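Trainee: Could you take me slowly through one part of this model, the open sheet, together with what lies across it and the salt bridges around it?

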Amino acid sequence: MIKAVIADDEVRICQLILALVDWEALGLKVVGTAHNGLEAIEMVRTLQPDILITDIRMPGCSGLDLIGQVKEGNQALEIVIISGYAHFEYAQQAIKYGVGDYLLKPISKAELTATLQKLAERIRAQRKNAEDEAQQRKKTQKDAALLRENLISGLLDQKKKTVSIAELREQYDLQVQDGVFQAFVLKMDCGREELSPTASVLLMEKAQEGVQQAVSGKCLEFVSAVQGFVCAGILNYAPQKKEEVRRALKSCVNQLELQKSLFRPVSFSVALGSAGSAPEELGTSMKEALTLIEERIVYGTGRLYERMGGPSQLLGSGALERYLRDMTHAAEVFDPEQLGAAVDTLARECQAIKDVHGYEILEAANSAAEVFAVRTQMAERAEFLERLHQQVERCSEATQIFGCLKEFCCDYLAGQSAQQESESVRPIRKAKQYIQEHYSEPITQEEVSSVVGLSPAYFSVLFKKTEGEGFARYLINVRMEQAKILLRETNSPVSEICRLVGYNDVKHFTHTFEKAAGVKPAVYRKLYG
């Protein structure tokens, strides 16, 4: 709706103007009438009309003064002046002030309607242009924000390792200047706590705002973006501001740590990459910041990390090799407890390394997960590793990281074990049948496990679990039972029976039989034959 104010010292003129026009049909609404210049000025100021219809001659304040004052406060205000022929020179002067139109007395209905219609169309066109410009500005700002997010994303994943000062200015609309260019990474952790997407987004927005406020007025330019639990960005500041910027970031982390109890048990840390004199060094600076932020795993959260020594002796310690050996055996026999022990050992050995770095512990955990996925021939390997990564990303302590690794791997192995257990009866039944048919031959566990399609190690565990005794004991029992039958039902010599049940050494057979039956073969035959 377009608002109008009528100002005339004659009440009847105001009433005439109100009566002459179908205001609603024109999309207009009269929001006030004034009868002197000062009243009209106040009404325009408070009601903010789009159109002012005023007599050129007004008591208390001349029409020209009125027009000058209201135009000064609102250049977009459309003004229609009413003038008699005797005062037309005033109307001519008022036109110089930028009035929209003028009407001569006596006022014509058609002329007034046409004038108001013309002004209304002009106002609507101006509003549309203003809306279009606002939308364009909003779109431009949104596009610029998206471009800047892409810049930070490219630096984070190292797809964009170099960027020039001209590119920052022209492509990303950043007002960077010669000075220091430095990347930072702020990390939020919540450990094994569940954090809703809404809560995590809110907290990261607060963290981003905190960083921006902390460095405001200290940086020549600042841009940041949030990705998950990370807020990363670039700083451009004068060399003499370096220590001030550093203190501001440290103070920001302290403030976030103080506020965290208001939300959830989260923690914050920040890392600064190396400071360079050119934006081309930002890729390297971001990579350093990403590595430095992992130091919180060793030294704790709530700190600013800037420097780090050389690599530790973790890679040469043999910890991963020992884990690989123990994990492989646990995976072969589908033993979650044994696998958990292997992860616990890896965790202890990694943390015991002198001057071990956070990124090294993280790499060890990731490597352990990857080799586990490979050794178990996991069908959904990528999905498994991604779920584990998302959980580990929330952790700020080595115990939490290895705890996630242990839980994910052991849960998977337990699931596989349950699946194997449900299918275990058939291969063991097949193995027992094979033993019954070939007990007279020199068969081995490896041979039988191959027949049923299982690894020797897993076959051994599964057989014992299913039958309550190991393969070797089961085979001996089968042979001894067959020997008893032959001793009772045939007159074959003991040496022949020895051969028929799979033994080549009579002495060894006699010893084994006596141990199983309590008497020697010859005595058994006399007692039961």
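Mentor: What follows starts with the sheet, moves to the helices across it and ends with the charged pairs.

The model is a predicted one, in which local features need pLDDT of at least 70 and side-chain atom pairs count only at pLDDT 80 or more, while totals for chains, interfaces and linings use all residues. Residues are numbered from 1 along each chain as its sequence is written, and side-chain values use heavy atoms, with hydrogens and water left out.

The open sheet has 5 strands in the order β7-β8-β6-β9-β10, and its pairing is mixed. β7 (221-227) and β10 (304-305) stand at the edges with a single partner strand each, so one side of each has no neighbour in the sheet. Helices (H or I, at least four residues) and strands (E, at least two) are DSSP runs, numbered from the N terminus, and two strands pair if DSSP finds at least two bridges between them.

Helix α8 (residues 197-215) lies across β6 (180-189), β7, β8 (230-237) and β9, and runs at about 165° to β7. Helix α9 (residues 242-259) lies across β6, β8, β9 and β10, running at about 165° to β9. Such angles run from 0 to 180 degrees between N-to-C directions, and the axes are lines fitted to C-alpha atoms, for helices over the stretch in contact, where contact means heavy atoms within 4.5 Å.

Now to the charged pairs, where a salt bridge is a side-chain nitrogen of Lys or Arg within 4 Å of a carboxyl oxygen of Asp or Glu, a rule that gives 20 salt bridges. Arg 246 forms one with Glu 306, their closest N and O atoms being 2.7 Å apart. Because Arg 246 lies in helix α9 and Glu 306 in the loop between β10 and α12 (319-332), this pair ties together parts that are 60 residues apart in sequence.

As for accessibility, buried means under 20% relative accessible area, exposed over 50%, and partly exposed in between (1.4 Å probe, protein chains only). Lys 187, at 5%, counts as buried, and Asp 189 counts as buried at 1%, whereas Glu 306 is partly exposed at 23% and Arg 246 is partly exposed at 25%.
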